[in-house]
Every structure is written in structure tokens, then in C-alpha cells.
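Dear colleague,

I am handing over the structure below, and I would be grateful if you could look at it alongside the notes on salt bridges that follow.

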Amino acid sequence: MTGLTVAVLGTGIMGAAMARNLVKAGHVVHVWNRSRDKAEALEADGATVAASPADAVSAADVVVTMLYDGDAVFAVMREAAAGLQTGAAWVQSTTVSLDAVEGLARFAGEQGLVFFDAPVLGTRQPAEAGQLTVLAAGPGEHRGAVQPVFDAVGARTVWTGEDGSAGPSTRLKLVANSWVLAATHGVAEALALAKGLGVDPEQFFGVIGGGPLDMGYLKVKGEAILQDRLSPASFAVVTAEKDARLIVAAGESHGVRMDVAAAGAERFRRAAEQGHGDEDMAASYHASFGS
């Protein structure tokens with residue numbers, strides 16, 4: 001199945017990249033963003049800019065939401081309601097709370113939509129390259145309607161279940177993000193300590209190089225910090241803080257203390273207060289200095 005009409009609601013770092021790859025794959029793509037200039041940037045790529053969420057979804061076979069959080073998704077989909085087509089598939093890719101997934105799925109049912117809980121793993125670079133990992137949950141009989149979308153934006157689709165309302169993909173995304181955020185803070189704090197103690201970072205890289213503690217992510221984020229290449233962000237500090245707080249809340253609601261994630265959220269908050277909110281999450285480094 002090709003040649004779908006797809007509405008992408010939210011054209012920030014991830015949504016814009018996904019929209020471009022959908023156009024490249026031969027789909028008709030309508031885009032909408034609260035800040036219209038971000039959507040208009042996609043016109044040169046072949047996307048059509050809609051004046052409202054309802055206009056964007058009015059002919060859509062598939063609706064993709066890639067917004068900031070659950071509240072934003074609810075608000076935008078309520079605005080889109082008048083244009084939604086009964087039977088259309090809704091690919092909900094925003095990272096939201098588990099409670100929000102349940103509410104969004106209920107809304108989808110009220111609107112006659114087929115709901116897919118489908119967050120993605122990856123940041124700016126894999127998104128632009130169409131190399132995201134799509135974590136998807138939804139009814140098997142309708143998967144053929146959304147697989148072309150997943151194939152356009154991702155290198156791999158991991159199906160996590162039949163019932164999107166239970167949030168199995170969001171649960172897996174929160175687990176994966178807990179590791180990513182912890183690793184990011186680990187890099188940032190190690191390099192901050194090296195600076196404070198007068199240790200050459202290359203000595204640190206060298207002493208663990210080639211061993212079990214070495215990893216590519218350390219080099220990528222470490223170089224970004226040391227070379228002050230934190231903009232444009234692959235994954236912004238403010239979004240990372242939001243996800244960290246979702247992780248803490250999910251853990252607490254299931255009897256799990258997430259002490260590292262909670263402390264990490266505070267590091268992101270401090271970095272944002274210092275003016276690094278729109279920079280890459282590796283700007284956690286700056287939270288080690290100052291008040």
C-alpha cells in the first residue's frame with residue numbers, strides 16, 4: 001500500500017524530519033504546527049501547509065502526532081476533531097505519560113479512529129535519515145495501513161502488542177529513555193569532574209578506550225560538550241527534562257523509585273535556567289557549574 005495521504009501535526013525537530021521522509025516515500029503530506037513558520041519550511045520539500053489541525057486531517061488516511069506532551073496532543077486533536085475521517089489511523093508518536101495514552105486512546109475510539117501507540121527511538125540525525133526505530137502497538141488487522149508510514153520514517157518497526165491503549169510502546173520508550181538520559185548525565189558529569197580536577201579528557205577517553213566501559217555514545221556526546229557543539233540540538237534539554245519527569249512518574253505509579261532519573265530532571269532544569277534549554281541534552285554538563 002503506497003500513496004497514502006498523511007497529516008503530520010507538529011513539525012519540530014522530529015516531526016519535520018518525519019514529514020520530509022514521508023514526502024520522499026511518495027505520500028501526500030499535509031503539515032500543521034502551532035508556530036506556522038516551522039510548517040512553512042516544509043513547503044519546499046513538497047508538503048502542504050494547513051491552516052488548522054482540522055484542515056490538515058480532513059483527507060488523511062493516517063494522522064501522525066509528534067508534539068511536546070500529552071496536553072499538547074489532547075489540545076491539537078480536539079482542534080482536529082471536526083476534520084477527522086472515521087476509520088483513519090492515528091499514529092500517536094509523542095512521548096506522553098501512561099495516563100495520557102489511555103485517555104488519547106479513549107478519544108480515538110470516540111472519534112472512530114484506529115489508535116496506534118507509536119513513539120520512536122532516535123534523535124535529529126536518525127530522524128532526518130529515516131533511520132528511527134518505531135515502537136508500535138495496535139490491532140493486527142489494521143497494521144497494513146500504517147506500515148508504509150513506519151517504513152518511510154524508520155529503519156525498523158518493533159511491534160509491542162495489539163492494544164495501543166495499554167501503552168506497551170510508551171512503556172518501552174520510557175525504559176529506553178531512562179537509559180539514554182542516565183548515559184547522557186554520566187558523560188556530562190564525568191567531563192565536568194575532569195575539568196574541575198584538571199584532568200585531560202583525552203586521558204579519560206584513553207583509559208577506558210576499547211574496554212567494556214567504552215561506547216560510541218560517550219564519544220559523540222563527549223565531543224559535542226568539549227567542542228561546544230550543542231546547537232542545533234539532537235534532543236533538547238527542555239524535552240529531556242519533560243521525559244525524565246514522565247519516567248519518574250511512571251516508576252512511582254508502579255512502586256519503583258527512579259532516583260537517578262529524578263536527579264537528572266533537576267540537572268536539566270538547572271541547565272535550562274542557565275539558558276541552555278534549547279541546546280542538546282548534553283548541556284547537562286553546564287548544570288555541574290554555578291548555582
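Glu40 and Arg36 sit together in helix α2 (residues 36–40), four residues apart, which is about one turn of the helix. Please bear in mind that this is a predicted model. The two side chains form a salt bridge in which the closest N and O atoms are 2.7 Å apart; Glu40 is partly exposed, with a relative accessible area of 35%, and Arg36 is likewise partly exposed, at 39%.

A second pair reaches across elements: Arg143 and Glu162 meet through their side chains in a salt bridge, at 3.7 Å from N to O. Because Arg143 belongs to helix α7 (residues 143–153) while Glu162 lies in the loop between β9 (154–161) and α8 (168–197), this pair ties together parts that are 19 residues apart in sequence. Arg143 is buried, its relative accessible area being 19%, a value that falls under the 20% cut-off for that class.

Through salt bridges that share partners, Glu266 and Arg269 are joined with Glu241, Arg245 and Glu273 into one network.

Across the whole structure, the search finds 15 salt bridges, and the pairs described here are among them.

Conventions: Residues numbered from 1 in each chain as written. Predicted model: local features only at pLDDT ≥ 70, side-chain atom pairs only at ≥ 80, totals over all residues. Heavy atoms only, no water. Salt bridge = Lys/Arg side-chain N within 4 Å of Asp/Glu carboxyl O. Helix = DSSP H or I, 4+ residues; strand = E, 2+ residues; numbered from the N terminus. Buried < 20%, exposed > 50% of the residue type's maximum accessible area, 1.4 Å probe, protein only.
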